[in-house]
Amino acid sequence: MSHHELHGEVYYPSEQVVQNANVQNIDELYQWAYEHPLEFWEQRAKEYEWYSKWDKVLDDSNKPFFKWFTNAQVNIVHNALDRHQDTERKNKIAYYWEGEPGDSREITYGELYGEVNQFANVLKSLGVVKGDRVTIYMGRIPEIVVAMLACAKLGAIHSVVFGGFSVPALAGRIDDSQSKVLITQDGNWLNGKVIELKKIADEAVAQSPSIEHVVVVKRVGNNVNWNAARDVWYHEAMETASAECETEKLDAETPLYILYTSGSTGKPKAILHTHGGYMVGTATTLKYVFDIQENDRWWCAADPGWVTGHSYIVYAPLILGATSFMYEGAPMFPAPDRWWSLIDKYKLTILYTAPTAIRAFMRQGEAHPAKHDLSSLRLLGSVGEPINPEAWRWYFKHIGHEKCPIMDTWWQTETGAFMITPVPALPLKPGSGTKPFFTYEADVVNEVGESVAANEEGYLVLKRPWPSMLRTLYGDDERYERLYWGKYPGMYLAGDSARRDEDGYFWIIGRVDDVLNVSGHRLGTAEVESALVSNAAVAEAAVIGLPHEIKGQGIHAFVLLRAGYQESEQLEKDLVQHVANVLSPIAKPEKIYFMAKLPKTRSGKIMRRVLKARAQGLPEGDTSTLEE
Ligand code: WT7
């Protein structure tokens, strides 16, 4: 294939990578798909099984409430599991799993199908029906996949809450969704210690009256409190549950799940995804971008508690009939070469992880990966934040041995699937997510929504609907419309700033709203601030993100104390711990600054921008609205 001359540092794919790729002749395909978006998606949809066909690929008569594959009947679980049962995939491994202590499991498509059916029957016996919400609060064990699929099979809506969230954060999400059932586990291994998930769940449920039953997977064997009227052991309920369960036939637009994510207010947003479009969008992107082939062993090292895990650990790989690997524990446990030993042991072919992990490994040095045979790898991926070119080159050289292209995928909880991403045959530039996926139109615009010139910074927008898009914020259509489509009519506002270079490659700069990105985890400044002010010592708080070598961003908190409280090192420690207790250990501030005053506008809004500039010794910009 010939490429016109590209600018900057460019890595061209090898002949072999191009020949093996699922998508060939990409230049023509980009062009054709861009001009025929609905034909493209209709063709993709036909690769999967539907109980009955759609009238229309896209219904855009009620913008921005788009519908895809209208009036079709489908269930994502039919495509993830049922349809493989009459094929040789029935005996294929769906997941290789390894626990942090070194124990392991292999689960075939046939076994997973049976376990999901059984667990769907357990949920039914607990009163779960189509449309009910079920909260899942677990670690990286195979049962989290079973729990999600069992909900979807019945048409119930799962709401997975990341296992690193603390009691009030979990309780708030249960309450907002009015979940009937909570699925958790006794404990979770992390760095050789037990995180007591059941204990946290008990405290959260005490504040969440909607929960009728708690299902508990026994993973660790730690002691748990037991409420016999409410709690159910997973293994006991499964013993008597039938392995036959019909998959609900659903309208394509039936809600599949909600997933809470942070925005600019203290209250997380419940992103809603649906069965049909999400199924087509996630499976297509995984197939085209990570080039999934029958004999691949795919490792998406994210957590099922975030969207990356929903789309690319659970749904898309199963729909494609792929073999995945899942590892329970901490990346550096018991030693910094754990991941590399896993790649060698399981002969994994594709690794998809986050820049923060790459930087952490980089700091440990290349001797650790060098101890292991990584030659099974053929592709690498990155997600969660912009990857700095230095980390990109390290990953390329020391993990991919200069033969594995790196797919830097830009997307969001809201988008459900990759949006700006390379495919293997596309030339790469370290630090750039390259181009919009087939059919998509992205742009960089100024304050009034006009495209800016090449290499100029602006707001990243998406100008066309896409099948795996969020449909709304659960229970709040108005907020959905205002937040994402309100600033520029007809354009989806991503909340990121970006620039596009002279070759049309996109470079993501970072969030432009009050959202922090700490180790690839999305947190709102307002959530951390409200965690701080829930402490008796704190009158007011303002939180900013500053560059951090490993985490990308670290949290810095400025607090005003209430009368009667004195600043001290102990109080700083207590406040950091308080944030961990009420929100999550991932939200712990790096530093707390005790202030006599916070910079505010005359209307009383804290100017975080000014705090940020001061902390970095940068010019403060326009401060004409500053109170004094
Ligand atoms: C935000 C979305 C989507 C999975 C994980 C995060 C940032 C994500 C990239 C990337 C630059 C990225 C953006 C985005 N982001 N991937 N490849 N390059 N930035 O999902 O928690 O919804 O966060 O993560 O800022 O808006 P999320």
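Which residue forms a salt bridge with Asp 514? Keep that one in mind while going through these close-ups, which come from a predicted model.

**View A. Asp 514 pairs up with Arg 608.** Here's the partner: Arg 608 makes the salt bridge with Asp 514, and the closest N and O atoms sit 3.2 Å apart. This pair links distant parts of the chain, with Asp 514 in the loop between β25 and β26 (515–518) and Arg 608 in helix α19 (residues 608–615), 94 residues apart. Asp 514 is partly exposed, since its relative accessible area is 28%. Arg 608, at 18%, is buried because the cut-off for that label is under 20%.

View B. Lys 198 forms a salt bridge with Asp 202, and 2.8 Å separates the closest N and O atoms. Are they buried or exposed? Both Lys 198 and Asp 202 are buried.

**View C. Arg 511 reaches Asp 496 from another strand.** The side chains of Arg 511 and Asp 496 come together in a salt bridge, 3.9 Å from N to O. Arg 511 belongs to strand β25 (residues 506–511) and Asp 496 to strand β24 (residues 492–500), so this contact ties together parts that are 15 residues apart in sequence. Arg 511 is partly exposed, with 24% relative accessible area, whereas Asp 496 is buried at 7%. If you're keeping a tally, the structure holds 46 salt bridges.

**View D. Strands β4 and β5 make a hairpin.** Strand β4 (residues 93–98) pairs with strand β5 (residues 104–108) in the antiparallel sense, over 5 bridges.

**View E. Gln 73 and its contacts.** Gln 73 is part of strand β3 (residues 73–74). Leaving aside residues up to four places away in sequence, Gln 73 touches Trp 50, Tyr 51 and Ser 52, plus Lys 249, Leu 250 and Asp 251. How far is the C-alpha atom of Gln 73 from that of Thr 254? The separation between these C-alpha atoms is 9.5 Å, although Gln 73 and Thr 254 are 181 residues apart along the chain. Gln 73 counts as partly exposed, at 28% relative accessibility.

Key:
Residues numbered from 1 in each chain as written. Predicted model: local features only at pLDDT ≥ 70, side-chain atom pairs only at ≥ 80, totals over all residues. Heavy atoms only, no water. Pairing = 2+ DSSP bridges. Helix = DSSP H or I, 4+ residues; strand = E, 2+ residues; numbered from the N terminus. Buried < 20%, exposed > 50% of the residue type's maximum accessible area, 1.4 Å probe, protein only. Contact = heavy atoms within 4.5 Å. Salt bridge = Lys/Arg side-chain N within 4 Å of Asp/Glu carboxyl O.
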